[in-house]
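Visitor: I would like to learn how to read the features of a protein model. Could you take me through them one by one?

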Amino acid sequence: MTRLEAACPGMVSCADILALAVMPQTQFTKGASWKVPTRRRDDCVSLAFETANLPASRDSIELQKLRFTDKINSIHICEYITNGHAIGTSACQFFKDRLYNFNTTTGNGVDPSIDPAFIPQLQALCPQNGDASRRVALDTSSPNTFDASFFKNLKSGRGILQLDQKLLEDVSTRNYAQRFLGIRGL
């Protein structure tokens with residue numbers, strides 16, 4: 001980084017370097033390729049309060065659109081979420097409520113949008129009184145490959161995060177989610 005800054009002072013941002021580094025990694029895991037826009041400028045200061053508006057695992061798609069309105073076109077919310085979640089993990093603390101304390105009329109505390117056959121697997125990974133920081137793959141079918149299985153999991157009620165599951169339920173993101181990796185028939 002120091003050598004790069006010396007060669008191109010003020011020209012290459014950390015944000016650009018990160019974006020440029022992620023693309024080949026996505027391609028390596030059989031993901032898509034895209035043109036990376038560059039020449040962004042880094043802020044001089046990083047402030048913790050600026051992270052307060054980051055997505056929460058239980059947010060609705062509409063809330064996500066509101067959070068990102070000043071940053072990105074709302075249709076790209078699906079793209080940003082899925083780019084990170086097709087290959088990624090989550091701590092149990094961000095979805096445990098879906099397994100034990102979901103507000104539901106079913107009486108068992110489980111989110112009814114989860115495939116009943118998937119519940120025992122998730123509960124084994126994240127026991128009710130277990131380690132809330134334990135990491136679980138967001139794509140349990142192919143956690144190290146950028147492919148369509150993330151969306152197939154959502155279609156089958158096997159989305160780990162409630163927000164992910166909503167991608168196919170919300171009218172404003174469903175079509176984009178279906179097209180993102182060329183999935184048909186969702």
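Visitor: How many salt bridges does the count come to?

Guide: A salt bridge is a side-chain nitrogen of Lys or Arg within 4 Å of a carboxyl oxygen of Asp or Glu. By this rule the count is 2 salt bridges. Before we look at them, note that this is a predicted model, where local features need pLDDT of at least 70, side-chain atom pairs count only at pLDDT 80 or more, and totals for chains, interfaces and linings use all residues. Residues are numbered from 1 along each chain as its sequence is written, and side-chain values use heavy atoms, with hydrogens and water left out.

Visitor: Which side chain does aspartate 111 meet in a salt bridge?

Guide: Its partner is arginine 98, at 2.8 Å from N to O. Aspartate 111 sits in the loop between α5 and α6 and arginine 98 in helix α5, so the pair ties together parts that are 13 residues apart in sequence. Helices here are DSSP runs (H or I, at least four residues), as are strands (E, at least two), numbered from the N terminus.

Visitor: Is aspartate 111 buried or exposed?

Guide: Buried means under 20% relative accessible area, exposed over 50%, and partly exposed in between (1.4 Å probe, protein chains only). Aspartate 111 is buried, at 4%, and arginine 98 is buried too, at 1%.

Visitor: Which residue forms a salt bridge with aspartate 115?

Guide: That is arginine 158, with the closest N and O atoms 3.1 Å apart. This pair links distant parts of the chain: aspartate 115 is in the loop between α5 and α6, and arginine 158 in the loop between α7 (149–155) and α8, 43 residues apart. Arginine 158 is partly exposed, with a relative accessible area of 23%.

Visitor: How do I read the overall fold?

Guide: Start with the elements. The protein chain has 9 helices and 2 strands, and from the N terminus on they run α-α-α-α-β-α-α-β-α-α-α. Buried residues make up 37% of its 186 residues.

Visitor: Which residues of the largest nonpolar core touch the most other members?

Guide: In soluble globular proteins, nonpolar side chains tend to be buried together. A nonpolar core is a set of buried Ala, Val, Leu, Ile, Met, Phe, Trp, Tyr and Cys residues joined through side-chain atoms within 4.5 Å. Here the largest core has 14 residues, and Phe95, Leu99, Ile114, Leu122, Cys126, Val136 and Ile160 touch the most other members. Helices α5 and α6 (119–125) each supply at least two residues of this core. Apart from it lies another core of 9 residues, including Phe146, Phe150, Phe151 and Leu168.

Visitor: What does aspartate 97 contact beyond its neighbours in sequence?

Guide: Contact means heavy atoms within 4.5 Å. Leaving aside neighbours within four places in sequence, aspartate 97 is in contact with Arg58, Phe102 and Gly109. Aspartate 97 belongs to helix α5 (residues 96–100) and is buried, at 17% relative accessible area.

Visitor: How many aromatic pairs does a search of the whole structure find?

Guide: A pair of aromatic rings is described by the distance of the centres and the angle of the planes. Rings of Phe, Tyr and Trp (its six-membered ring) pair if their centres lie within 6.5 Å; planes under 30 degrees apart count as stacked, over 60 as edge-to-face and the rest as tilted. The search finds 1 aromatic pair. Phenylalanine 150 and phenylalanine 151 form it, edge-to-face, at 5.4 Å centre to centre with 85 degrees between the planes. Phenylalanine 150 is buried at 1% relative accessibility, and phenylalanine 151 is buried with a relative accessible area of 1%.
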